[in-house]
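Visitor: I have a structure open and some time. Can you walk me through it?
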Amino acid sequence: MSSLIEQIIHASTPLEPVHTTLQPQLQPLPTIRCILFDVYGTLMVSGVGDISHSVDEDRDTSMRQTAKAHHIRWKHALPDPGKQFKAVIHEHHRALRSRGIPFPEVDIREVWSDFLKRHAHPSCILNESQLEQLCLAHELSVNPTWPMPGLSHTLEELRRRNQYLGIVSNAQFFTPLLFPAYLGRTLEELGFSDALCQWSYQLREAKPDTRLYEENVKALQQLHIQPSEVIYVGNDMLNDMLPATQVGFKTALFAGDQRSLRLRKEDTRIASIQPDLILTQLEQLLECVPAAT
């Protein structure tokens, strides 16, 4: 893992959020005992707004560059590797949907492995570590990330207040590594409970399905915390605010970066959803939640 963390550090440069026109809407929420966060576009600035949107980027150039850097040769002419890569992702999605999963999530390592078996020269064999380095290198090229302003201070203060911290995120294996890469501390060291961190690639289900949120409801029951004592912070009205509301969490819409803000005004599914807070800076959360009792 340390080599992957170093890879993130060396490939990343500061990325500033783009301000939005929304105004903060803050209020005291004295009963909150747990804060759950989205990652991309909320805790981390995302160059394309969200990890899921990196799939839609023009991958041909970046895939050729990544393949060359990792000494991958194609066994046949491959003029559009990005298109072929997306085709493998769609195959994995179809297989998961056939198992009754409405919003499937892939493990990108398996996608890359299948893609290379089909198109890479047989001599280009990667071990597990090399495959992870390849996956990460490509993701960093299409979706650069950087901590949101105020992230470290916000997490430190929430931990000092004895708030339970967790994550519900569309993510891949490298997502948790962003924290030690940028902040110098693991999620556990930053105060996050492993039992309250739900990653889509592990469950093979993605937001806006409520499955990831429901898993946290179960974990919170073991801590004797009710859904009404939880606030979920995310940047997407559909993927974040809707399912969080459906399981009974309070919600905070993070509107701190225009790249990632997803208001979904035309989507009737969120017509009746109103977040409890609107944050334009992460540190505004500190004005609303108390020290846990």
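Guide: What follows is a short tour, from the whole chain down to single residues. Keep in mind that this is a predicted model.

Visitor: Fine. How many helices and strands does the protein have?
Guide: The count is 10 helices and eight strands. The radius of gyration is 19 Å, close to the 19 Å that the globule rule gives for 293 residues, so the protein is as compact as a globular protein of that length.

Visitor: What does the C-alpha trace span along its principal axes?
Guide: About 60 × 40 × 40 Å.

Visitor: And what share of the residues is buried?
Guide: Of the 293 residues, 55% count as buried. The protein exposes about 13,300 Å², and carbon and sulfur atoms supply 50% of that area.

Visitor: What about contacts along the chain?
Guide: Take the contacts between residues at least 6 apart in sequence: 78% of these join residues at least 24 apart.

Visitor: Which residues of α3 are buried?
Guide: P81, G82, F85, V88, I89, H92, H93 and L96 are buried. They cover an arc of only 140° around the axis, which puts them on the same side of α3.

Visitor: What covers the buried residues of α3?
Guide: The cover includes α2 (60–69) and α4 (108–119).

Visitor: Changing topic: how many aromatic pairs does the structure hold?
Guide: Nine. One of them is F85 with F115: the ring centres are 5.5 Å apart and the planes are at 75°, which is over 60 degrees, so the pair is edge-to-face.

Visitor: Where do F85 and F115 sit?
Guide: F85 is in helix α3 and F115 in helix α4, 30 residues apart, and the pair links these distant parts of the chain. Both F85 and F115 are buried.

Visitor: Which residues form an aromatic cluster with F85 and F115?
Guide: W74 and W112 do; together with F85 and F115 they form one aromatic cluster.

Visitor: Give me another pair.
Guide: Y213 and Y232 have ring centres 5.1 Å apart and planes at 75°, so this pair is edge-to-face. Y213 lies in helix α9 (residues 211–222) and Y232 in strand β6 (residues 230–234), so the pair ties together parts that are 19 residues apart in sequence.

Visitor: Are those two buried or exposed?
Guide: Y213 is buried, with a relative accessible area of 0%. Y232 also counts as buried, at 0% relative accessibility.

Visitor: Last one, L165. Where is it?
Guide: L165 is in strand β4 (residues 164–169). L165 counts as buried because its relative accessibility is 0%, and buried means under 20%.

Visitor: What does L165 touch?
Guide: Leaving out residues up to four places away in sequence, L165 touches I35, F37, L155, L158, L190, G191, F192, S193 and L196.

How values were computed: Residues numbered from 1 in each chain as written. Predicted model: local features only at pLDDT ≥ 70, side-chain atom pairs only at ≥ 80, totals over all residues. Heavy atoms only, no water. Buried < 20%, exposed > 50% of the residue type's maximum accessible area, 1.4 Å probe, protein only. Helix = DSSP H or I, 4+ residues; strand = E, 2+ residues; numbered from the N terminus. Arc of directions from axis to C-beta. Contact = heavy atoms within 4.5 Å. Phe/Tyr/Trp six-rings, centres within 6.5 Å; stacked < 30°, edge-to-face > 60°. Rg over C-alpha atoms; globule rule 2.2 N^0.38 Å. Areas by Shrake-Rupley, 256 points an atom, 1.4 Å probe, with all protein chains shown as cover.
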